[in-house]
Each structure stands twice: as structure tokens, then as C-alpha cells.
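Subject: Structure for you to look at

Hello,

Here is the structure I said I would pass on. Please open it and keep it beside this message while you read; my notes follow below.

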Amino acid sequence: SDSGLIVSFGEMLIDFVPTVSGVSLAEAPGFLKAPGGAPANVAIAVARLGGKSAFVGKLGDDEFGHMLSGILKENGVNGDGINFDKGARTALAFVTLRADGDREFMFYRNPSADMLLKPEELNLELIRSAKVFHYGSISLIVEPCRSAHLKAMEVAKEAGALLSYDPNLRLPLWPSAEEAREQIKSIWDKAEVIKVSDVELEFLTGSDKIDDESAMSLWHPNLKLLLVTLGENGCKYYTKNFRGSVDAFHVNSVDTTGAGDSFIGALLCKVVHDHSIPEDEARLREVLKFANACGAITTTKKGAIPALPTETEVLSLLKP
Ligand code: ADP
């Protein structure tokens with residue numbers, strides 16, 4: 001591929017997902033061990049699409065940590081930015097599938113290895129080579145990971161990378177919108193691309209209206225592109241010069257996990273390919289159509305990582 005490196009920063013973990021919905025993990029007849037963590041999903045989404053991808057984060061030096069780093073490598077993601085913590089264990093998420101299809105998460109994080117990444121452990125050479133630096137760690141509020149996060153952003157920015165942010169707000173970890181906004185401020189204000197889901201938009205604005213006004217209340221001067229994903233309703237986009245929406249594809253959705261990660265990974269692939277965020281609206285809409293197609297395909301299979309599409313799969317959905 002002709003494209004530059006996309007570095008994703010954050011956590012990778014294992015989701016324990018019950019095989020049936022409506023009961024807790026402990027009551028389920030069985031469960032699956034699904035690798036996940038939004039930033040890691042994005043790293044794999046990029047690699048599947050043929051982009052150059054690296055993951056930066058910390059895993060436990062345990063069975064799960066080595067399994068996860070193996071999955072990144074098998075999928076063609078550069079692992080030179082992975083650290084292993086000698087003491088703490090890899091993060092785990094225990095999932096409950098509610099009867100209405102929503103998911104609830106309980107995290108093993110007391111602390112997990114991802115929270116212990118230190119600024120001095122960062123692979124700065126790798127980060128400096130990024131064309132795009134994408135971040136969205138759920139550990140950004142805890143030290144030392146917070147300092148590592150801020151340093152990685154700063155180094156990437158100084159080296160000329162475009163910064164992309166997906167807050168991945170796991171609501172149980174964020175007691176209030178004010179606290180969330182305060183905690184993510186220094187991270188939010190530096191991003192040139194931000195992707196939020198409709199649920200995050202509602203949470204961050206404290207409004208139950210998903211309209212242009214509430215989206216634009218999140219705007220900041222460095223921002224070039226704000227995206228709001230709307231599940232089966234596609235996405236909305238906001239730039240300095242234009243705004244609009246792009247419809248989703250009709251597919252047979254079985255599990256929406258990872259759709260947003262697939263969407264942003266696809267968008268970033270196009271941004272590195274074009275060497276910039278599209279400046280004309282027609283190109284932006286074409287790119288978002290591609291990203292919507294990636295998101296849609298990701299919902300047609302169970303799990304996040306197994307469902308992330310190759311470019312060939314996307315092109316066949318896009319064929320008229
Ligand atoms: P998140 O995973 O962050 O909640 P969304 O569910 O909004 O994000 O999904 C991201 C994108 O994936 C959407 O903008 C849409 O293009 C696509 N997508 C998600 N769910 C569906 C669906 N049920 N049918 C078609 N496309 C979908």
C-alpha cells in the first residue's frame with residue numbers, strides 16, 4: 001500500500017461474552033473470549049483494509065497479553081509499540097448481553113497493565129513516524145497512563161501527525177458528563193478529527209437531541225472534522241465549511257460490536273491515502289460512504305475483530 005503509518009494508542013483487552021443474552025456471565029451456559037479494546041480494533045481495521053498500522057499500549061506479561069499481541073501481529077499490525085507489564089495483568093471485560101441487545105461491561109482494572117503505561121516506556125521513534133495518531137483510551141483518566149497518553153499525543157503532533165480521537169466513553173467509568181468533559185478536555189481540544197456516537201453526543205452535551213446545534217456545541221478551533229455515528233442511520237459530518245449526513249447500508253446485522261472502530265479505521269485509511277482530510281464535500285461523502293460500508297459489514301458477523309472487513313469485501317458492498 002502507498003499509505004503512511006496510522007498509530008492507534010490505547011488498550012487491548014479480552015471481552016468475556018456470554019453465549020446467550022438476558023443473563024449475567026456467571027449464569028450463562030457458556031462464554032466466548034473475544035479480543036477487543038477499541039484502539040486495538042481500529043489498528044486491526046486499518047491493517048485489514050491494507051493500511052500501515054501500529055498499536056501502542058501495554059499488556060500484562062501473562063497468557064492473555066501474549067495472546068493479544070499475537071493477534072495484532074497475525075493481522076499485520078506493527079507491535080513495536082507494545083509493552084508488557086511484569087506485575088499487572090491484562091485488562092479483561094465481563095460482558096452482559098441485555099435482553100434488549102445492549103451490552104453492559106464490568107472491567108477487571110485494579111489496576112490492569114494498560115493503566116500502567118509510563119511516558120518513558122513509549123516507543124517515540126514509532127510514534128514520530130505516524131502520519132495519523134489515533135487515540136481513545138478508556139484509561140486516559142488514570143496515572144501513569146494519562147501522562148503517557150498526553151506525551152504520545154504531543155510527540156506525534158510535533159512530528160506532524162494528524163490527531164484523531166474517539167472518546168469511547170464507557171458510561172460506567174464516567175459518573176457524570178461534567179467530569180467526563182473536564183477529564184477529556186486536554187485531549188479533546190487537540191484532535192483534528194473526532195468521532196462520537198449518538199449516545200456519546202447525548203451524554204457529553206447533556207441533551208437528548210441529536211441535532212446540529214448540539215453537535216456543534218462540541219466544536220473547537222483545532223477541529224477539522226467532527227463525525228457523529230448513528231448506527232443503522234449512518235453518520236453526520238461537520239467541517240468548517242459544510243455539514244451533512246450519509247446514509248448507512250442495509251445489511252443483516254447480528255452484532256454491532258466494533259462498527260464504530262471499523263468506521264473510523266476506514267476513514268483514517270482514506271485520510272492517509274489522500275494525504276489530508278477531504279476538503280471538498282463530494283470526496284468527503286465518498287470517504288464516509290466507504291466508512292459506512294465498513295461499519296455495516298462489521299455488524300454482519302459476531303465479535304469485533306473477526307468481523308472487520310478487507311478492502312475486497314467493502315468494494316463488493318459498494319458495487320452498484
Ligand atoms: P459505535 O460502534 O461507536 O456505537 P455505530 O453503531 O454508530 O458506532 O456504528 C458506526 C457505523 O457503522 C455507523 O455510522 C454505520 O455506518 C455502521 N453501522 C452500525 N450499525 C449498523 C447497522 N445496524 N446497519 C448498517 N450499518 C451500521
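L226 stands opposite Y238 of β12. The model is predicted. Strand β11 (residues 225-229) and strand β12 (residues 235-238) run antiparallel and are joined by four bridges.

These two strands belong to an open sheet of nine strands, in the order β5-β4-β1-β8-β9-β10-β11-β12-β13, with mixed pairing. At the edges stand β5 (78-85) and β13 (243-246); each has a single partner strand, so one side of each has no neighbour in the sheet. From one strand to the next, the twist averages 15 degrees. Helix α2 (residues 63-74) packs on the sheet and touches β4 (52-60) and β5, and the direction of α2 makes about 180 degrees with that of β4.

Next, a pair of helices. α9 and α10 (residues 311-318) pack with their axes 9 Å apart, at an angle of about 105 degrees. Angles of 65 to 115 degrees count as roughly perpendicular, and α9 and α10 are therefore roughly perpendicular to each other. On the α9 side the contact is made by F290, A293, C294, A296 and I297, and on the α10 side by E313, V314, L317 and L318. Eight of these contact residues are nonpolar, none is polar and one is charged.

Regards

Note on methods:
Residues numbered from 1 in each chain as written. Predicted model: local features only at pLDDT ≥ 70, side-chain atom pairs only at ≥ 80, totals over all residues. Pairing = 2+ DSSP bridges. Axes fitted to C-alpha atoms, helices over the stretch in contact; angles between N-to-C directions. Contact = placed C-beta atoms within 7 Å. Parallel < 35°, antiparallel > 145°, perpendicular 65-115°, else oblique. Nonpolar A, V, L, I, M, F, W, Y, C, P; charged D, E, K, R; others polar.
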